[in-house]
Amino acid sequence: IGGQSMRDALYYMSVVVWALGLIWIILIICFVSRIRLAIALNKVAAVFLASNPTILLVPIVQGIVSVGWILIWFFGVSFLLSQVPADYTPQGYFATYAEAY
């Protein structure tokens, strides 16, 4: 690195990065009990899934039912819109809101 100012900038940036790393390590140390709790929770969830593998079908079935529900509503709305005659609504445009009414 050629200039002294660039070396100084890099030095101060490295100090900032090291300080952030130190803060990160302190946070991890403070949250050790929470991390252990999360690990224990994941272990219990894994045991539950191992003993009840069919529970994985619930979100799949829920997704299929949701898509079916949306399709039923889509076809119902399409049918209702197809029953409106073409001359039921005005085809032109209005310059002002007052002109429309």
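How much accessible surface does the protein have, and what percentage of it belongs to carbon and sulfur atoms? In this predicted model, the accessible surface comes to about 9600 Å², and 76% of that area belongs to carbon and sulfur atoms.

**View 1. Overall arrangement of the predicted chain.** The secondary structure consists of four helices and zero strands, and the order of elements from the N terminus is α-α-α-α. The radius of gyration is 32 Å, well over the 13 Å that the globule rule gives for 101 residues, so the protein is more spread out than a compact globule. Along the principal axes, the C-alpha atoms fill a box of roughly 80 × 60 × 25 Å, and buried residues make up 0% of the 101 residues.

**View 2. The nonpolar patch on the surface.** Residues including Val16, Trp24, Ile29, Phe31 and Ile39 belong to a nonpolar surface patch whose members together have about 1100 Å² of accessible area. Helices α1 (4-30) and α2 (32-51) each supply at least two residues of this patch, with α1 giving the most, namely eight residues. Ile29 lies in helix α1, and Ile29 counts as exposed because its relative accessibility is 58%, where the cut-off for exposed is over 50%.

**View 3. Helices α2 and α3.** From first to last C-alpha, the 20 residues of α2 reach 29 Å, close to the 28 Å expected at 1.5 Å a residue; the number of buried residues in α2 is zero, so this helix lies largely in the open. For α3 (residues 57-82), the end C-alpha atoms are 37 Å apart, which agrees with the 38 Å that its 26 residues should span at 1.5 Å a residue. Helix α3 likewise has zero buried residues and therefore lies largely in the open.

Conventions: Residues are numbered from 1 along each chain as its sequence is written. This is a predicted model: local features need pLDDT of at least 70, side-chain atom pairs count only at pLDDT 80 or more; totals for chains, interfaces and linings use all residues. Side-chain values use heavy atoms; hydrogens and water are left out. Patches are made of residues with over 30% relative accessible area and no salt bridge: like charges are joined within 9 Å, nonpolar side chains (Val, Leu, Ile, Met, Phe, Trp, Tyr) within 5 Å. Accessible areas come from the Shrake-Rupley method with a 1.4 Å probe; for residues, only the protein chains shown count as cover. A salt bridge is a side-chain nitrogen of Lys or Arg within 4 Å of a carboxyl oxygen of Asp or Glu. Buried means under 20% relative accessible area, exposed over 50%, partly exposed in between (1.4 Å probe, protein chains only). The expected span of a helix is 1.5 Å times one less than its number of residues. The radius of gyration is taken over C-alpha atoms; the globule rule is 2.2 Å times the number of residues to the power 0.38.
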